[in-house]
Amino acid sequence: MPQTLVLPQPDDMHLHLRDGDALKAVLPFTAKQMARAIIMPNLKPPVVRVADALAYRQRIQAALPEGSDFQPLMTLYLTDRTTPDWVHEAKSAGIIAFKLYPAGATTNSDAGVTNILLLLPTLHAMSEAGLPLLVHGEVTDSNIDIFDREAAFIERVLKPIIKQVPQLKIVFEHITTAEAAKFVENASDNIAATVTPQHLLLNRNDLLVGGIRPHHYCLPVLKRESHRQALLTAVTGKFAHKFFLGTDSAPHSQHTKECACGCAGVFSAHAALELYAEAFEQAGALDKLAAFASQNGARFYGLPQNSGTITLVKQTQTIPPCFNFGTESLIPMRAGEEIAWSVVSA
């Protein structure tokens, strides 16, 4: 009999769904595995006001497969114009968090924040309302090496925010470095982090050795093997309760990835839980997967644990070379390759 894992149904605490035909193409993958997902607001135009988020949620719900009870959890895009009044409105409307994109840091971040410390009244309002700040943790200074931008963000941005608003709940999204893992481990319990499957399974050799592999290009960019090992240790170690599943699954059409200015993002929603199982098995810690995938994030956000379950078996599957993406093609993580685990029921 193949090895079997039965987990409480997980949540994806960092997900990109896009909109329109792209949304309809990728949403079923997440709805098949996840009970809930925190939806990123970096559309064009960005999801800045409550009305934007509620309209986007309606479009997501309309695109769900028939019979699905998947729940999108909506966020707002923090800008230089976000006010405390907007925070109070968001809280009343059931918005779950605000997302900080430093201006120019990643996909559709041009409207992001230019100086977070000018928004202290807004951050204090978020702290009082219990609305977390989700941070894309990279500085954008051109004189900082791209591989050092996360570590620089801790010193230049994250520590000053915490000093000024110490009770603010913060999620350090898609961490990639030993420095980030250590920072979260040593911080107070209102600081947590998400970790992606690609940053647990890949290092920068997978991006650059043997030719550039554009479908492994994401931001923050893949780091050294020592950082990957540090992340595996973090999500399975003494402070593992501070880390939780956030795929950052970010679909882009094939032609926008395979071009001179290729988009940043890895699409992993098609096999998210199977990829995480592979990473935790590598670390000899499959017994820690349930907490990471299904419990830690819900506890941090004050959500009930899901009542359903999902079953994986140690059974290989071959990932298709591409998926339909509206009128385009979408290349998934591990396209055309075998992976060791399969979801058999949810």
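**Figure 1. Salt bridges in the predicted model.** The model shown here is predicted, and the count of salt bridges in it comes to 10. Side chains of opposite charge can pair when their charged atoms come close. Three of these pairs are shown in the views that follow: R59 with D19, R49 with E89, and R334 with E278.

**Figure 2. The salt bridge between R59 and D19.** The side chains of R59 and D19 meet at 2.8 Å, taken from N to O. R59 is partly exposed, with a relative accessibility of 35%. D19 is also partly exposed, at a relative accessible area of 29%.

**Figure 3. The salt bridge between R49 and E89.** Here the N to O distance between the two side chains is 3.1 Å. The pair links distant parts of the chain, 40 residues apart: R49 lies in the loop between β3 (36-39) and α2, and E89 lies in helix α3 (residues 84-93). The relative accessible area of R49 is 32%, so R49 counts as partly exposed. E89 is partly exposed too, with a value of 35%.

Figure 4. R334 and E278 meet through their side chains at 2.9 Å, N to O. R334 is in the loop between β13 (328-330) and β14 (338-339), and E278 is in helix α11 (residues 272-282); the two are 56 residues apart and link distant parts of the chain. Both R334 and E278 are buried. Through salt bridges that share partners, R213, E278, R334 and E337 form one network.

**Figure 5. D248, a buried residue without a salt bridge.** D248 is located in the loop between β9 (243-245) and α10 (254-257). With a relative accessibility of 7%, D248 falls under the 20% limit and therefore counts as buried. What is the nearest side chain of opposite charge to D248? This is K99, and it is 6.2 Å away. A salt bridge requires a nitrogen and a carboxyl oxygen within 4 Å, and D248 has no salt bridge. Apart from neighbours within four places in sequence, D248 is in contact with H14, H16, H174, T196, L219 and V266. Phi of D248 is positive, near 55°, and D248 is not a glycine.

Figure 6. H174 is one of the residues in contact with D248. The loop between β7 (170-172) and α6 (178-186) holds H174. Its phi is positive, about 35°, although H174 is not a glycine. H174 has a relative accessibility of 2% and so counts as buried.

**Figure 7. Two cis peptide bonds.** The bond from K44 to P45 is cis, with omega near -5°. P45 lies in the loop between β3 and α2. L219 and P220 are also joined by a cis peptide bond, with omega about 0°. P220 is placed in the loop between α8 (205-208) and α9. L219 is among the contacts of D248.

**Figure 8. The second largest cavity.** Rolling a probe the size of a water molecule over the atoms shows where empty space is left. A search of the whole structure finds two cavities of 30 Å³ or more. By class, the lining has three nonpolar, four polar and three charged residues.

**Figure 9. The second largest pocket.** This pocket holds about 260 Å³ of space. Its lining has 15 residues, and P102, V113, T114, N115 and V157 lie nearest its centre. Helix α5 (residues 149-164) supplies the largest share of the lining, three residues. Nine of the lining residues are nonpolar, three are polar and three are charged.

**Figure 10. P2, before the β1 strand.** P2 lies in the segment before β1 (4-8). At a relative accessible area of 39%, P2 is partly exposed. P2 and Y56 are 54 residues apart in sequence, and their C-alpha atoms are 41 Å apart in space.

Definitions and conventions. Residues numbered from 1 in each chain as written. Predicted model: local features only at pLDDT ≥ 70, side-chain atom pairs only at ≥ 80, totals over all residues. Heavy atoms only, no water. 1 Å grid on protein atoms, 1.4 Å probe; cavity = no way out; pocket = protein on both sides within 12 Å on 5 of 7 lines; lining within 4 Å. Points joined across faces, edges and corners; volume = space filled by probe spheres on them. Nonpolar A, V, L, I, M, F, W, Y, C, P; charged D, E, K, R; others polar. Helix = DSSP H or I, 4+ residues; strand = E, 2+ residues; numbered from the N terminus. Buried < 20%, exposed > 50% of the residue type's maximum accessible area, 1.4 Å probe, protein only. Lys, Arg positive; Asp, Glu negative; His and termini not counted. Contact = heavy atoms within 4.5 Å.
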